[in-house]
Amino acid sequence: MAEGQIYKIHSDFYYVDDGNSFHECKIREVLKKQREKILVGDFVEFENNVIKNIIKRKNYIKRPSVANIDQIIIVSALKEPDLDLHQLNRYISLAKYFNIPTVLCFNKDDLKWDKHLSSSIKSISCQNRMSFSKNHVVC
């Protein structure tokens with residue numbers, strides 16, 4: 001039996017990458033009856049293009065439905081549109097709730113870096129135990 005990771009789901013087809021090749025698989029009827037939901041990112045055992053078993057998940061989030069996340073990168077503009085600190089805090093909180101390491105990436109830095117914005121980002125970083133510098137923020 002081979003192992004792989006789901007990288008795409010379309011209709012009743014599950015696309016699995018086993019590290020060497022890609023497989024278009026169907027789910028075993030027993031798993032359908034158990035109403036076991038398979039997510040993108042799940043590691044599975046499959047044979048003859050039929051998924052036989054779902055390997056235990058490391059983590060998952062419901063929306064978007066993904067599993068076994070190694071890291072979340074939150075990309076946001078500093079200007080045009082203005083940085084929404086409330087939304088940024090929501091994203092960071094979601095990642096923290098599910099114990100997923102987070103990296104913040106800010107673009108449009110060349111437009112105008114204001115000190116008030118810098119202190120706001122530092123405040124969010126401190127609340128979420130993240131390190132901050134003008135160029136990057138890392139958990």
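**Close-up views of a predicted model**

In strand S5 of this predicted model, Val 50 is the bridge partner of Lys 26.

**View 1. Strand S5 and its two neighbours.** Strand S3 (residues 22-27) runs parallel to strand S5 (residues 50-54), and two bridges join them. On S5 there is also an antiparallel pairing with strand S4 (residues 43-47), made over four bridges. Here Phe 46 stands opposite Ile 51 of S5. The hairpin of S4 and S5 has two residues between the strands, and Asn 48 adopts a positive phi near 50°.

**View 2. The largest nonpolar core.** This core has 12 residues, including Ile 61, Ile 69, Leu 83 and Phe 106. At least two residues each come from strand S8 (72-77), helix H2 (85-97) and strand S9 (102-107). The most is given by H2, with three residues. Another core, of 11 residues, lies apart from it; Tyr 14, Ile 38, Phe 46 and Ile 54 are among its members.

View 3. Helix H2 comprises 13 residues and reaches 18 Å from its first C-alpha to its last, close to the 18 Å expected at 1.5 Å a residue. Its residues Leu 88, Ile 92 and Ala 95 are buried. Because these three cover an arc of only 60° around the axis, they lie on the same side of H2. His 86 and Tyr 97, on the other side of H2, are exposed.

**View 4. The ends of helix H2.** At the N-terminal end, Asp 84 caps H2, with a side-chain oxygen 3.2 Å from the backbone nitrogen of His 86. Just after H2, Asn 99 has a positive phi of about 55°.

Note on methods
Residues numbered from 1 in each chain as written. Predicted model: local features only at pLDDT ≥ 70, side-chain atom pairs only at ≥ 80, totals over all residues. Heavy atoms only, no water. Core = buried A, V, L, I, M, F, W, Y, C linked by side-chain atoms within 4.5 Å. Buried < 20%, exposed > 50% of the residue type's maximum accessible area, 1.4 Å probe, protein only. Pairing = 2+ DSSP bridges. Expected span 1.5 Å × (residues − 1). Arc of directions from axis to C-beta. Polar contact = N/O pair within 3.5 Å; in protein donor to acceptor, adjacent residues only side chain to side chain.
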